[in-house]
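This briefing goes through one structure by topic, beginning with a loop residue and moving on to a helix and the nonpolar cores.

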Amino acid sequence: MNGEPTRRRRPAGGRPEPAPGAGTPARRHPRPSREQLAAAADRLLPDVIAPGLDVLFVGINPGLWSAATGWHFARPGNRFWPALHRGGFTPRLLHPSEQDALPALGLGITNMVARASARADELTAGELVDGAATLTAKVERYRPRWVAVVGVTAYRIGFARPKAGFGPQPETLAAARLWVLPNPSGLNAHFTPETLGLAFAELRAAVTGG
């Protein structure tokens with residue numbers, strides 16, 4: 001993997017150092033052009049990861065917006081970052097460009113499938129199964145306490161768990177405990193920003209309580 005990030009040092013006060021660009025308003029980041037989005041198809045997006053994280057969040061695969069910018073869950077309308085904040089994982093709402101601040105908070109992001117696509121339903125079942133095997137090896141290497149898969153359908157297919165639901169799972173992944181969260185895509189009309197925040201808060205309560 002190219003440029004695997006590590007944990008940021010905590011200053012004496014205990015708070016993580018701000019990531020580069022922290023506090024930069026979203027409006028300062030230009031929107032990728034149509035040409036840039038088209039060129040991002042099949043591009044790989046580096047993980048935000050470090051050893052011993054509290055939670056490793058697992059997206060389905062990067063969208064074109066994320067692949068074009070280099071930021072996970074970057075498309076406007078995706079509700080991952082607001083849900084992360086509503087759920088109590090971050091002290092304030094982070095912009096996707098601030099993703100490198102996550103390891104200092106004990107958090108990381110990877111994907112079931114590495115290649116970018118316009119929609120998650122463009123992936124094949126075989127890609128999700130292979131992605132689950134790759135994820136398992138990654139979890140064995142980095143040893144997070146919890147793995148949270150953000151998308152129940154991808155989890156069901158990739159791990160051959162057709163009846164899996166949201167929330168804690170009975171099995172583990174390597175030594176990590178497993179949790180399934182709703183897909184925060186704006187296309188997922190079954191969940192509002194508020195209910196997504198509550199789903200993330202349930203995970204937060206389990207992480208801090210366990």
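Ala160 is found in the loop between α5 and β4, helices (H or I, at least four residues) and strands (E, at least two) being DSSP runs numbered from the N terminus. This is a predicted model, in which local features need pLDDT of at least 70, side-chain atom pairs count only at pLDDT 80 or more, and totals for chains, interfaces and linings use all residues. Residues are numbered from 1 along each chain as its sequence is written, and side-chain values use heavy atoms, with hydrogens and water left out.

**Positive phi values**
- Ala160 has a positive phi near 55°, and at 56% relative accessibility Ala160 counts as exposed (exposed is over 50% relative accessible area, buried under 20%, partly exposed in between, with a 1.4 Å probe and protein chains only).
- Phe73, which lies in the loop between α2 (64-69) and α3 (80-86), has a positive phi near 50°, and Phe73 is buried, with a relative accessible area of 13%.
- Arg143, the residue that follows α4, also has a positive phi, near 55°.
- Most residues other than glycine have a negative phi.

**Helix α4**
- Helix α4 (residues 125-142) has 18 residues and reaches 26 Å from its first C-alpha to its last, close to the expected 26 Å (the expected span is 1.5 Å times one less than the number of residues).
- The buried residues of α4 are Leu128, Gly131, Ala132, Leu135, Lys138, Val139 and Tyr142.
- Seen down the axis of α4, these buried residues fall within an arc of 130°, so they line one face of the helix (the arc is that of the directions from the helix axis to the C-beta atoms).
- On the other side of α4, Asp130, Ala133 and Arg141 are exposed.

**Nonpolar cores**
- The largest nonpolar core has 25 residues, and those with the most contacts inside it are Met112, Leu135 and Val147 (a core is a set of buried Ala, Val, Leu, Ile, Met, Phe, Trp, Tyr and Cys residues joined through side-chain atoms within 4.5 Å).
- α4 gives the most to this core, with five residues.
- A second, separate core of 24 residues includes Val55, Ala83, Leu94 and Ile109.

**Confidence**
- The chain averages a pLDDT of 86, and 85% of the residues score at least 70 (pLDDT is the predictor's confidence in each residue, from 0 to 100).
- Over residues 1-26 pLDDT stays under 50.
- Where pLDDT is low, the predicted coordinates should not be read in detail.

Notes
Contact = heavy atoms within 4.5 Å.
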